[in-house]
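Please consult the sequence and structure alongside the text.

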Amino acid sequence: MSTATTKQTKVLNLIREFKDREGNYPTLQQLAKGLGLKSVSNVHQHVSELVKGGQLVQTNDLTGYELPEYWDLNQSLVPILGYISAGLPIQAIEDIDAPTITVSNLPSPSEFYALIVKGDSMIDEGIYEGDTVIIKKQSQAYDGQTVVAIVDDNNATLKKLYKEKRGYRLQPANQTMMPIFRDEVEVRGIVWEIRRPEIKIVQTNRPVAKKKPAKTGLRTLDLFAGIGGIRIGFEKVGFTTVFANDSEKACKHTYDLNFGNSKMVVEDLTKIHANDLPEFDFLLGGFPCQAFSIAGYRQGFDDLKGRGNLFFDIARILKARKPSGFLLENVKNLKTHDGGKTFAIIQEALEDLGYHIKYKVLNSMEYGNVPQNRERIYIVGFNDKAKIDAFEFPEPIKLTKQIKDILEPEVHEKYYYNGKPLFDRLKDDINEENAVYQWRRQYVRKNKKGVSPTLTANMGMGGHNVPIIFDGKGIRKLTPRECARIQGYPDDYRFPGIADSSLYKQIGNSVSVPVLEAIARRMKLAIDTA
């Protein structure tokens, strides 16, 4: 039997409905009226084609037609109009010569169509790539219904629909993906049934069993992820990252280049619903420190740009999801900011959420064996008091790495100051190999400890605190790779082809990986023993 066109499918469904309702078959005139056609000849042509294709048979007297004996009056042919994206919206294109699919027990077959699924954003609803979804035409939907939604100038996507205070949320059913927010959404229908080759029918109004992730107890959120320094440290000791987020688009290029799964979702954390996050056990985050830093404006929670207030979004997620624990990182000055009031608010908020905490300021050169004078405060929390009692911060270790150990043997001339305007300001003060100097906008200062000063986001951009060395060939600034080594990143960590200024910013905003690994190891020990 051949497939029917979309128009022929409408003819078949109208015949089926008429026979079911009236007990006899409609005339060509009745079919034309039902189809809204003025010409009976057009209907006759469709009927003739259906007879040729085997979907209809002629009566014994050859004056009429009827459905084949095997045809079930509860069955209807639904046109497959094309593809639907279970992922990013794609252009909606209708196939006017579409094939059909047989569906049973449809209340009004002409109000249904089918689409083939591309993508995996609805897998937790039992909808997989290659499935065919039967869609009931309608322009409205209740919260939580899976819909065909049109957004962004005729782009279509398959998502669960929720009405928000301002606009709509199109929610995927995949823990690794984030929702789409739009002011306007056009609904083209709701999912009625799901078909795939190996099973008959999955009714969407029945509960669909969801595949639960393994209960490892070590699943983490990587918030304010940057380029993944915290993630590397925790994954080295057995934690598994299930979600990563940052608001900096440039970081995504670097992050995604280095991690095979749980790619970075670029979104404002304040817009992420806690219930949209995947199942996790620990929240990790080096939340923005500008609001608390000595180098900042000392506005703390009143930071006009909202950076300090992002802590409360961490608290919001902790309150809603109640994970087993967390690790937070910030600048040393957080502890003393505003006479200690800022930290007191943070501590009280965490304890009110049921967490027991310990905190300590660690210097990277003392706890990570990297030649960098970088002091940061680390806050560890568990909701189980036995675990926080069992947790202890790592002990200091001897610094064995020197600046000379992290230098690249061959460096591009663009990193040298020789022959450049600033060279005359530097040449008389920077002359010792294996020493690190700082350009302080007006003068040069040698680091007395023989290590790099704290790497900052404005390295290489004309700001103060730029690490400068004399390598025997000339006076130059550290390269991005050397800065990454000073932060403890492995040499197989890759950089995308973006401007050095962006790389310096990303590395300066990052963390010292070995310090995070040492803390993660102690957290895992507490988990295993308490």
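The largest nonpolar core holds 30 residues, of which Phe243, Leu283, Ile317, Phe326, Leu328, Leu350 and Ile379 touch the most other members. A nonpolar core is here a set of buried Ala, Val, Leu, Ile, Met, Phe, Trp, Tyr and Cys residues joined through side-chain atoms within 4.5 Å; buried means under 20% relative accessible area, exposed over 50%, and partly exposed in between, with a 1.4 Å probe and protein chains only. At least two residues of this core come from each of β14 (219-223), β15 (240-246), α6 (310-321), β18 (325-331), α7 (341-352) and β20 (375-382). Helix α6 supplies the largest share, five residues. Helices (H or I, at least four residues) and strands (E, at least two) are DSSP runs, numbered from the N terminus.

The model is predicted: local features need pLDDT of at least 70 and side-chain atom pairs count only at pLDDT 80 or more, while totals for chains, interfaces and linings use all residues. Residues are numbered from 1 along each chain as its sequence is written, and side-chain values use heavy atoms, with hydrogens and water left out.

Beyond its neighbours within four places in sequence, phenylalanine 243 is in contact (heavy atoms within 4.5 Å) with residues including Met178, Leu221, Leu223, Val265, Ile272, Leu277 and Pro278. Another core, of 26 residues, lies apart from the largest one; among its members are Ala244, Ile403, Val411 and Val436.

Helix α2 (residues 28-35) has Leu31, Ala32 and Leu35 buried. These three lie on the same side of α2, because they cover an arc of only 100 degrees around the axis; the arc is that of the directions from the helix axis to the C-beta atoms. On the other side of α2, Gln29 and Lys33 are exposed. Just after α2, glycine 36 takes a positive phi of about 75 degrees.

Most residues other than glycine have a negative phi. Asparagine 434 is partly exposed, with a relative accessible area of 40%.

For the protein chain overall, the secondary structure comes to 14 helices and 24 strands. Of its 530 residues, 50% count as buried. Among contacts with a separation of 6 or more, residues 24 or more positions apart account for 66%.
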